[in-house]
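Subject: Structure handover

Hello,

Here is the structure I promised to pass on. Please look it over first, then read my notes below.

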Amino acid sequence: AKHSAEIEALTDKLSLEKKTRLEAETRNNDLVEKMRNLERDRSELEHQYMNHKRSLNDQLMKMMMDHDELRKQLVENEDKNSALQQEMSNVSRSNERLINDL
């Protein structure tokens, strides 16, 4: 009877340890799955970030090129404006001379 009680106690202890080990393995598997999901999400976010960064860089380059083109056009238009003002001044003086000659 004494041995029977010890065997039952050891059997109960073994059963509890198996149950505890199974629960730990289940928690471990759940954590591994969560880590895989987090890694997949992180990878996707990195991919989205890089695409967004590339897009912003492309937009910035286009804006800089547009800015340079507009600055060049401004300089050209200022030159044309100066030339037209000079021409208008010359025509105005010429007209004054014609008027004075009349």
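Is K72 buried, partly exposed or exposed? K72 is partly exposed, with a relative accessible area of 46%. Keep in mind that this is a predicted model.

Overall shape

The protein chain has one helix and zero strands. Helix 1 covers residues 2-101. The C-alpha trace spans about 145 × 15 × 10 Å along its principal axes. The radius of gyration is 43 Å, whereas a compact globule of 102 residues would have one near 13 Å. A24 and Q86 are 62 residues apart in sequence, and their C-alpha atoms are 91 Å apart in space. A24 sits in helix 1 and is partly exposed, at 34% relative accessible area.

Surface

Of the 102 residues, 0% count as buried. The accessible surface of the chain comes to about 9900 Å². Carbon and sulfur atoms hold 57% of that surface.

There is a nonpolar patch on the surface, formed by L60, M61 and M64. Together these residues have about 300 Å² of accessible area. M61 belongs to helix 1. Its relative accessible area is 47%, which makes M61 partly exposed.

Charges

The chain carries 18 positive and 22 negative charges. Their mean positions are 6 Å apart. Side chains of opposite charge can pair when their charged atoms come close. A search of the whole structure finds six salt bridges. These are the ones to look at:

- K72 and E69: their side chains meet at 3.8 Å, N to O. Both lie in helix 1, three residues apart, about one turn of the helix. E69 is partly exposed, at 37% relative accessibility.
- D66 and K62: the closest N and O atoms are 2.9 Å apart. D66 and K62 are separated by about one helical turn because they are four residues apart in helix 1. D66 is partly exposed, at 34%, while K62 counts as exposed, at 51%.
- E33 and R36: the closest N and O atoms are 3.8 Å apart. E33 is partly exposed, at 37% relative accessibility.
- E39, R42 and E46: these are linked in a network of salt bridges.

Best wishes

Notes
Residues are numbered from 1 along each chain as its sequence is written. This is a predicted model: local features need pLDDT of at least 70, side-chain atom pairs count only at pLDDT 80 or more; totals for chains, interfaces and linings use all residues. Side-chain values use heavy atoms; hydrogens and water are left out. Patches are made of residues with over 30% relative accessible area and no salt bridge: like charges are joined within 9 Å, nonpolar side chains (Val, Leu, Ile, Met, Phe, Trp, Tyr) within 5 Å. Accessible areas come from the Shrake-Rupley method with a 1.4 Å probe; for residues, only the protein chains shown count as cover. A salt bridge is a side-chain nitrogen of Lys or Arg within 4 Å of a carboxyl oxygen of Asp or Glu. Helices (H or I, at least four residues) and strands (E, at least two) are DSSP runs, numbered from the N terminus. Buried means under 20% relative accessible area, exposed over 50%, partly exposed in between (1.4 Å probe, protein chains only). The radius of gyration is taken over C-alpha atoms; the globule rule is 2.2 Å times the number of residues to the power 0.38. Lys and Arg count as positive and Asp and Glu as negative; His and the chain ends are not counted. The place of a charge is taken as NZ of Lys, CZ of Arg, CG of Asp or CD of Glu.
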